[in-house]
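Open your viewer, switch to a cartoon view and get ready to click along. At each stop you will get something to select and a short account of what is there.

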Amino acid sequence: MTHNVQEAMPARLPSVGTTSPETQAMPRWNASSRYGASLVAVVLGGYLAMRGGLNVMWLQSDANVIGALLLQFFVGGAVLVAGALIAPVSLARRVLASAVVVAGLAVHAFGSATATIATPPFLLYGSMSFAIGAFTAAAVWLIVRGRSLPTFVLLLAFAAVPLLTERLTHTGWSGVTREDLLTGVSAAIGVGVAWAAAAVDGARSR
């Protein structure tokens, strides 16, 4: 009789201030989540930095265009730094990755400011946003993922971007088409560097 009464009683709801089993099972802000958020921020920041072309800003006369390029460039840098800081790694590694962002974008800004319309295409685009933005994003990801030092040699692949730019400039490609192509090539090199570094470290650990 007692057993039947217990079965007929409704399940007790959790009281105020207590945590239900369903709530306890909800995913938390763990290392995997932070790595995922860091990856999204690094990719987005790298893209914004690539498209915020300071190398062409100095040739503009429209204040609105100049303001948009500056805003996109600095927002891209801020998102890259945020991606480095939210990664679940040591503080020293996060600070190092943030310093790489500042250094990379500073090189681009200085190189762009010293370039003139009379500068040869190779020098004009030697520190262009496409190469520097993607290079910086790839370097940040290698740092926060703790890749070994030998894998950083893979970043030399970005040397192909200014060479490709010079080639495209001399063969008469339009500015918009050239920018889109260089953005895609730079992004592909960045993704390739990240995967290649993971493969190298994976092979070394076997």
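**Stop 1: helix α5**

Select residues 63-85: this is helix α5, which has 23 residues. From its first C-alpha to its last it reaches 33 Å, close to the 33 Å expected at 1.5 Å a residue. Keep in mind as you look that this is a predicted model.

Which residues of α5 are buried? Colour Leu69, Phe73, Gly76, Gly77, Val79, Leu80, Gly83 and Ala84 to see them. Here is a hint for reading such a list: an α-helix has 3.6 residues a turn, so residues three or four places apart point the same way.

**Stop 2: the whole chain**

Now zoom out and show everything. How many helices and strands are there in the protein chain? There are ten helices and zero strands, and the pattern along the sequence reads α-α-α-α-α-α-α-α-α-α.

The protein chain has 206 residues, and 35% of them count as buried.

**Stop 3: aromatic pairs**

Across the whole structure, a search finds three aromatic pairs. Start by selecting Phe73 and Phe74, which form an edge-to-face pair, 5.6 Å centre to centre with 80° between the planes. Phe74 has 56%, so Phe74 counts as exposed.

Next, select Phe135 and Phe158. Their ring centres are 5.7 Å apart and their planes lie at 75°, so this pair is edge-to-face. Where do the two residues sit? Phe135 lies in helix α8 (residues 129-144), while Phe158 is in the loop between α8 and α9 (160-170), so the pair ties together parts that are 23 residues apart in sequence.

Phe135 is partly exposed, with a relative accessible area of 32%, whereas Phe158 counts as buried at 5% relative accessibility.

**Stop 4: an arginine over a ring**

For the last stop, select Arg145 and Tyr35. What lies over the face of Tyr35? Turn the view until you look down on the ring of Tyr35, and you will find Arg145 over its face, at 4.4 Å from the ring centre.

Definitions and conventions
Residues are numbered from 1 along each chain as its sequence is written. This is a predicted model: local features need pLDDT of at least 70, side-chain atom pairs count only at pLDDT 80 or more; totals for chains, interfaces and linings use all residues. Side-chain values use heavy atoms; hydrogens and water are left out. Helices (H or I, at least four residues) and strands (E, at least two) are DSSP runs, numbered from the N terminus. The expected span of a helix is 1.5 Å times one less than its number of residues. Buried means under 20% relative accessible area, exposed over 50%, partly exposed in between (1.4 Å probe, protein chains only). Rings of Phe, Tyr and Trp (its six-membered ring) pair if their centres lie within 6.5 Å; planes under 30 degrees apart count as stacked, over 60 as edge-to-face and the rest as tilted. A charge sits over a ring if NZ of Lys or CZ of Arg is within 6 Å of the ring centre and within 35 degrees of the ring normal.
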